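Let's take a friendly walk through this structure together. Have the sequence and the 3D view ready, and follow along from one residue to the next.

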Amino acid sequence: MVLNQEGFNQWAANYDQSVAQSQQEQSYPFAGYDEVLARIEKRIAAHPGALVLDAGFGTGVLTERLARAGAVLSGFDFASAMVDSVKKKLPQAQLFIHDFNDGWPAILAENQFDFIVSTYALHHCGMADQIAWIQAMTAHLKPQGQVLIGDIAFENEEAYKLCRRQAASQWDAEETYLTREQLQSVFGGQFTWERCSFCAALMIFKAR
């Protein structure tokens, strides 16, 4: 998979179709995708008017659902085609182009959020960068706020390797997936985990 802006712009039109097919087959990489989104939506819907940042929103499936649930939304993605598409659907939201590789967006330097969500996006960053992003996100939470990350993730290295073997040629070696063990060692009691499928989890981080 080409992980540059041009590649994602080309993929944007077919992304949701790829997700739907993987879910129907209950296969890597998107088994559990709907469950991940439903759990995030439920948490945020319980707080109408919550200030929410959607980091790496892609085609905006979750972003639209959170808007309908009453969230006040900001968000970014690095693919211009995706940003343009979601802007048309959600003109009231503050949406802009930004790349995870460029660090925390300067435009949001002083912002604090009730929730920061990121779904199936951070795995395009390396392990150290993902940890740094989670730490940056928790630093931009209001008291009692939460970072909600839904993504391909595994309980431990053994589960990771098993999925890799089973996925065979479908495995994307350019992506980096977190494990519960890795996150627990870094974030301790700040972190909780909800399994959504054999290859998906909701990872929850409290404000520091």
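This is a predicted model: local features need pLDDT of at least 70, side-chain atom pairs count only at pLDDT 80 or more; totals for chains, interfaces and linings use all residues.

Two residues are in contact when they have heavy atoms within 4.5 Å. Leaving aside residues up to four places away in sequence, Val52 touches Ile44, Leu66, Ala71, Val72, Leu73, Ser74, Phe113, Phe115 and Val117.

Now step back to the core around it. The largest nonpolar core has 37 residues, and Ile44 and Val52 are those with the most contacts inside it. Several elements each supply at least two residues of this core: the helices α2, α3 (61–68), α4 (80–89) and α6, and the strands β4 (113–119), β5 (141–154) and β8 (200–206). The biggest giver is α2, with 5 residues. Another core, of 28 residues, lies apart from this one, and Cys125, Trp133, Ile134 and Ala153 are among its members.

Next, turn to how α2 meets α3. Their axes are 10 Å apart, and the two helices pack at an angle of about 30 degrees. Angles under 35 degrees count as roughly parallel, and α2 and α3 are therefore roughly parallel to each other. Their crossing is right-handed. On the α2 side, the contact is made by Tyr33, Leu37, Ala38, Ile40, Glu41 and Ile44, while α3 brings Val61, Leu62, Arg65 and Leu66.

Finally, the aromatic rings. A pair of such rings is described by the distance of the centres and the angle of the planes. The structure holds 18 aromatic pairs. Take Tyr28 and Trp171: their ring centres are 4.9 Å apart and their planes lie at 15 degrees, so this pair is stacked. The pair links distant parts of the chain, 143 residues apart, with Tyr28 in the loop between α1 (5–25) and α2 (33–45) and Trp171 in the loop between α6 (157–167) and β6 (178–179). Tyr28 is buried, with a relative accessible area of 8%, and Trp171 is buried too, at 11%.

Trp171 has another partner in Tyr160. Here the ring centres are 5.3 Å apart and the planes stand at 85 degrees, so the pair is edge-to-face. Tyr160 sits in helix α6, 11 residues from Trp171, and is buried, with a relative accessible area of 16%. Which residues do ring pairs link into a cluster? They are Tyr28, Phe154, Tyr160, Trp171 and Tyr177.

Note on methods
Residues are numbered from 1 along each chain as its sequence is written. Side-chain values use heavy atoms; hydrogens and water are left out. Rings of Phe, Tyr and Trp (its six-membered ring) pair if their centres lie within 6.5 Å; planes under 30 degrees apart count as stacked, over 60 as edge-to-face and the rest as tilted. Helices (H or I, at least four residues) and strands (E, at least two) are DSSP runs, numbered from the N terminus. Buried means under 20% relative accessible area, exposed over 50%, partly exposed in between (1.4 Å probe, protein chains only). A nonpolar core is a set of buried Ala, Val, Leu, Ile, Met, Phe, Trp, Tyr and Cys residues joined through side-chain atoms within 4.5 Å. Axes are lines fitted to C-alpha atoms, for helices over the stretch in contact, and angles run from 0 to 180 degrees between N-to-C directions. Angles under 35 degrees count as roughly parallel, over 145 as roughly antiparallel, 65 to 115 as roughly perpendicular and the rest as oblique. A crossing is left-handed if the near helix is turned anticlockwise from the far one by less than a right angle, and right-handed if clockwise.
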